[in-house]
Amino acid sequence: MPLLELSDIHFAYPGLDPVLESASMQMQPGERLSIVGPNGAGKSTLLKIIMGLLVPDTGTVHAFGKPRAEEADFHEVRRRIGFVFQDADDQLFCPTVAEDVAFGPLNLGKSKDEALAIVDQVLSRLSLMHLRDRITHKLSGGEKRLVTLATVLAMEPEVLILDEPTNALDPDNYSRLIEILNGLDQAILLVSHAPDFRAEIAPEGYRLEHRKLVRI
Amino acid sequence: MTYVLTSDEKPLTGFGALRAAVSSLDPRMRIVMTVIYAITVVALDDLRVLSGALILSMWLLAISGLPFQKTLKRMAMMDGFIIFTLILLPFTMPGTPMFSVFGFDATWEGLWRATEIALTANAVILAVMTLVGSMEPVTMGHALFALKTPERLVHLMMFTIRYIDVLREEYMRLRTSMKLRGFRPGTNWHTYRSYGYLVGMMLVRAIERSERILAAMKCRGFSGRIVLLEEFRLTRSDVVFVSAMLLALSALIWAEVAYALA
């Protein structure tokens, strides 16, 4: 049973030409896939459809063995898929790192103490404990990126979706990120323009061209 | 607002070894004490007692470990707002004439009233700066939340703290790119229109960003409530501080009453 299955997805933003036309893809448990395609091809749109942030015009989204159509269906999907946004500033909205990492677990109904325990555990796993009480907007670009990863991993997702994770990374943080990702056991869906990074994390995947997904 | 939040000025705390008494006290208590203090001082009107209040504020500044000069300079900035009231007051209050300028009489009553206002304002603002201004804005948000301030207002404040810098950076980037293409502001339509575009673009970007933030929050299971983590505890030093402050305030009130009766 695939973790994720999109079949025959059509999508157009209101008043614009279609972005996706009968796009389909599958992702098996533990699989690491990347999606490549030129700017504006609809990669981010595709990811938003998977997360239920956009609703496709036609076509179906299956996740974890169930069809997902309504907003309520996606609550479970969002809990089990961790989405790392392209711009870290969009994701880190709490004043301090600890609060931001705790935000997800608290939404899952954990108590404050449990959430704080998760914060410490995730941050030490990623060797980021020194950032725990820092103010999020004062972090450097690379630190922000690693912290966004921590905020998502704190929810213990089964799948990770990474949208251009190497944006604004210096070589040190770049290799840290590769090291961290290779140490994870989650399935990963990666959107990246960096061929080296794709080769390290997810060499296989799909190409988005002419509004369709083609296996490469 | 931004100048309060820019990095080099930002928190008044953090002066290493100087971090003293006030910054370790319970923020909730500091906010409540500031309110009590401000109300008491505003209610006083004997000049001698008000001078006492100003001395009390100076004492707060002394134990707070804030840099003296910088804090006093900030206090003077506030005085800039009321300076004209202070200058005009002697001329507008009726009473015993002191001297006259262009046929307008300055009165002693007006002068005393102006002094009273200046003393009150400076005593209160100094206390606010030492007790509340020395907090990280984030801590203040948490303390306000713990004091049962409506959640929405606290979150509004927290989001402002978090994103004001991002917006400022966006503004700076746009300004730089304008400058790099030879933009020189002047008094002409091109300038007004360009600034209009700049403000419009900032609004559009702010809206788009807020949508992306909401999406990111939804992806992490946001359902309409944010839980704040920090918890505060009253310690012995808080109790000591509160007692000392209440004692000092009682003394001020007692002096005020005594002078009024005399």
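Analyst: Helices (H or I, at least four residues) and strands (E, at least two) are DSSP runs, numbered from the N terminus. The model is predicted: local features need pLDDT of at least 70, side-chain atom pairs count only at pLDDT 80 or more, and totals for chains, interfaces and linings use all residues. Residues are numbered from 1 along each chain as its sequence is written, chains are lettered from A and ligands numbered from 1 in the order in which they are written, and side-chain values use heavy atoms, with hydrogens and water left out.

In an unreviewed entry, UniProt places the feature "transmembrane region" at residues 50-68, 80-104, 124-147 and 239-261 of chain B; the positions follow the numbering used here, the feature names are shortened, and annotations may be inferred rather than shown by experiment. Residues 80-104 of chain B are 52% helix and 24% strand, with 24 Å between the end C-alpha atoms. For residues 50-68 of chain B that distance is 21 Å, and the span is 84% helix and 0% strand.

Now the interface. Here 32 residues of chain A are in contact (heavy atoms within 4.5 Å) with 28 residues of chain B. About 2,800 Å² is buried between chain A and chain B, and carbon and sulfur atoms give 61% of that area; buried area is the accessible area (1.4 Å probe) that two parts lose on being put together, summed over both. Of the area that chain A buries against chain B, A:Asp90, A:Phe93 and A:His137 supply 24%, more than any other three residues.

Charged side chains also meet here. The rule finds five salt bridges across the interface of chain A and chain B, where a salt bridge is a side-chain nitrogen of Lys or Arg within 4 Å of a carboxyl oxygen of Asp or Glu. A:Asp100 and B:Arg220 form a salt bridge, with 2.6 Å from N to O. Over all chains the count is 23 salt bridges.

Other pairs lie within chain A. A:Lys144 and A:Asp89 form a salt bridge, with their closest N and O atoms 3.2 Å apart. A:Lys144 is in helix H6 (residues 141-153) of chain A and A:Asp89 is in helix H3 (residues 88-91) of chain A, so this pair ties together parts 55 residues apart in sequence. Both A:Lys144 and A:Asp89 are buried; buried means under 20% relative accessible area, exposed over 50%, and partly exposed in between (1.4 Å probe, protein chains only). Salt bridges with shared partners join A:Asp87, A:Asp90, B:Glu170, B:Arg173, B:Arg209 and B:Arg212 into one network.

A:Arg215 and A:Glu31 form a further salt bridge, the closest N and O atoms being 3.5 Å apart. This pair links distant parts of the chain, 184 residues apart: A:Arg215 is in strand S10 (residues 212-215) of chain A, and A:Glu31 is in the loop between strand S2 (18-27) and strand S3 (32-36) of chain A. A:Arg215 counts as partly exposed at 38% relative accessibility, whereas A:Glu31 is buried at 19%.

A:Arg68 and A:Glu76 also form a salt bridge, at 3.0 Å between the closest N and O atoms. A:Arg68 counts as buried because its relative accessibility is 7%, and A:Glu76 counts as partly exposed because its value is 21%.
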